[in-house]
Amino acid sequence: MVRTRRNGPTLGSIAAETGVSVATVSRVLTGHSAISDETRERVLSTAERLGYVHVPQKVPHAAPTLSDQICLVVPVATAHGSQLANPFELALIGGVGTAMRERRRDMSIVWQTPYDDTTLAQFLDQSAYAGVIFLGQSQFHDTLNHYAALGKPLVAWGVEVAGQSYCSIGGDNHEGGFQATAHLLRKGRRRIAFIGAMPPIAAARTPFSQVAIRLEGYRSALAAHDVAFDPAMIQTPAAGRSEGAEAVDNLLERGIAFDAIVAASDLVALGAIQTLRQRGLRVPEDVAVIGYDDIDAAALSTPGLTTIRQDAIKAGNLLVSKLLRIIDGHRAKSERLPTDLVIRASCGR
């Protein structure tokens, strides 16, 4: 409980001085955990300077409630018995967890898996968490915009599009697709296939998807090197463990000549390499392969997988720091992270 001197400073005057909401001032003074250290220090120092006296209500220590925690949502459900997410998403979850631990905050991974606007709205209406982090937003763009405009604290890992009112953090997918393709073109490859798995639900197959933007980067690199785009080189198998193998089998069975592959993930690339070997093709001598994400297995494969690296630790830190700013009552801008080409043996050195 907060008490003030009569005719003395109020929560409102502290809020006006510090540029945050009255609710944020109240959270700071009552010890709410979902507040950034910078905002906490600013509010407390202002309260002391103004002569604000507060007497915390003495209650038995209780475990943190949902309103003290941030939750993380992995929207699309996976098959029964499979991992929670793909290897890069697991690394991203680890990045979020590291950032939360450094800030001494609690985080929950919720079991709900919204798959369209209706199920997402139901989740957000019922959520008692201080803030929400979404790993993916392609099928949820309109609803995320709506709830962000209502003041719901949320951020998403994904792309940034025109008219977006919520904060998203993501890699520079266009540049990543361009880098991978341009490297192969500089190595003299001209028949470059692009393999990008389709999301498991139709609602997620939108121009907002990361794979779609990586494909745009691929096409831009072809155009920059005066190589004609061939739609037959684009393979979009259903998502799953065998997606890379399925795409390679389809190219070979249709008699489509190719001398390189740009894969939209490392898992797709590794599956493609395995099938190429089974079909008697050498990597990189016959077909060069580049993946995306730089998961741990990329460096351990034979040959080592050339890939586009995304920094999952930095991404997790940005997702958490941006969300805490929003919870504090500030605006948070979307941000694109740089991508790096990591050259290994799968495309020749």
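This is a predicted model: local features need pLDDT of at least 70, side-chain atom pairs count only at pLDDT 80 or more; totals for chains, interfaces and linings use all residues.
Reader: Why do the buried residues of H1 line one face of the helix?

Author: Take Ile14, Ala15 and Thr18, the buried residues of H1. Look down the axis of H1 and check where they point. They line one face because they fall within an arc of 100 degrees.

Reader: Is Leu11 buried or partly exposed?

Author: Leu11 is found in helix H1, and it touches Val22, Val25, Ser26, Leu29 and Tyr52, leaving aside residues up to four places away in sequence. Buried would mean under 20% relative accessible area. Leu11 has a relative accessible area of 21%, so it is partly exposed.

Reader: How far apart are the C-alpha atoms of Leu11 and Leu29?

Author: Leu29 is among the residues that Leu11 touches. Along the chain the two are 18 residues apart. Their C-alpha atoms are separated by 9.5 Å.

Reader: Are H5 and H6 roughly parallel or roughly antiparallel?

Author: H5 covers residues 117-126 and H6 covers residues 141-149. Their axes sit 9 Å apart, at an angle of about 25 degrees. Angles under 35 degrees count as roughly parallel. H5 and H6 are therefore roughly parallel.

Reader: Which residues of H6 make the contact with H5?

Author: H5 passes H6 in a right-handed crossing. From the H5 side come Asp117, Leu120, Ala121, Leu124 and Asp125. By class, the contact has five nonpolar, one polar and two charged residues. On the H6 side, the contact is made by Thr143, Leu144 and Tyr147.

Reader: And H4 with H12: are they roughly parallel or oblique to each other?

Author: The axes of H4 (residues 87-102) and H12 (residues 312-327) come within 7 Å. They cross at roughly 55 degrees, and the crossing is right-handed. H4 and H12 are therefore oblique to each other.

Reader: How many nonpolar residues does the contact of H4 with H12 have?

Author: H4 brings residues including Phe88, Leu92, Val96 and Met100, while H12 brings residues including Ile313, Leu319 and Val320. Four residues of the contact are polar and one is charged. The nonpolar ones number eleven.

Reader: What is the relative accessibility of Leu276?

Author: Leu276 lies in helix H10, residues 266-278. Setting aside residues up to four places away in sequence, it touches Val248, Phe258, Ile261, Leu281, Val283, Val287 and Val289. Leu276 counts as buried because its relative accessibility is 0%.

Reader: How far apart are the C-alpha atoms of Leu276 and Leu252?

Author: Leu276 and Leu252 are 24 residues apart along the chain. Between their C-alpha atoms the separation is 9.5 Å.

Reader: Zooming out, what share of contacts between residues at least 6 apart joins residues at least 24 apart?

Author: The chain has twelve helices and twelve strands, and 49% of its 349 residues count as buried. Now take the contacts between residues at least 6 apart in sequence. The share that joins residues at least 24 apart is 71%.

Note on methods: Residues are numbered from 1 along each chain as its sequence is written. Side-chain values use heavy atoms; hydrogens and water are left out. Axes are lines fitted to C-alpha atoms, for helices over the stretch in contact, and angles run from 0 to 180 degrees between N-to-C directions. Helices (H or I, at least four residues) and strands (E, at least two) are DSSP runs, numbered from the N terminus. Angles under 35 degrees count as roughly parallel, over 145 as roughly antiparallel, 65 to 115 as roughly perpendicular and the rest as oblique. A crossing is left-handed if the near helix is turned anticlockwise from the far one by less than a right angle, and right-handed if clockwise. Contact means heavy atoms within 4.5 Å. Ala, Val, Leu, Ile, Met, Phe, Trp, Tyr, Cys and Pro count as nonpolar, Asp, Glu, Lys and Arg as charged, and the others, Gly among them, as polar. Buried means under 20% relative accessible area, exposed over 50%, partly exposed in between (1.4 Å probe, protein chains only). The arc is that of the directions from the helix axis to the C-beta atoms.
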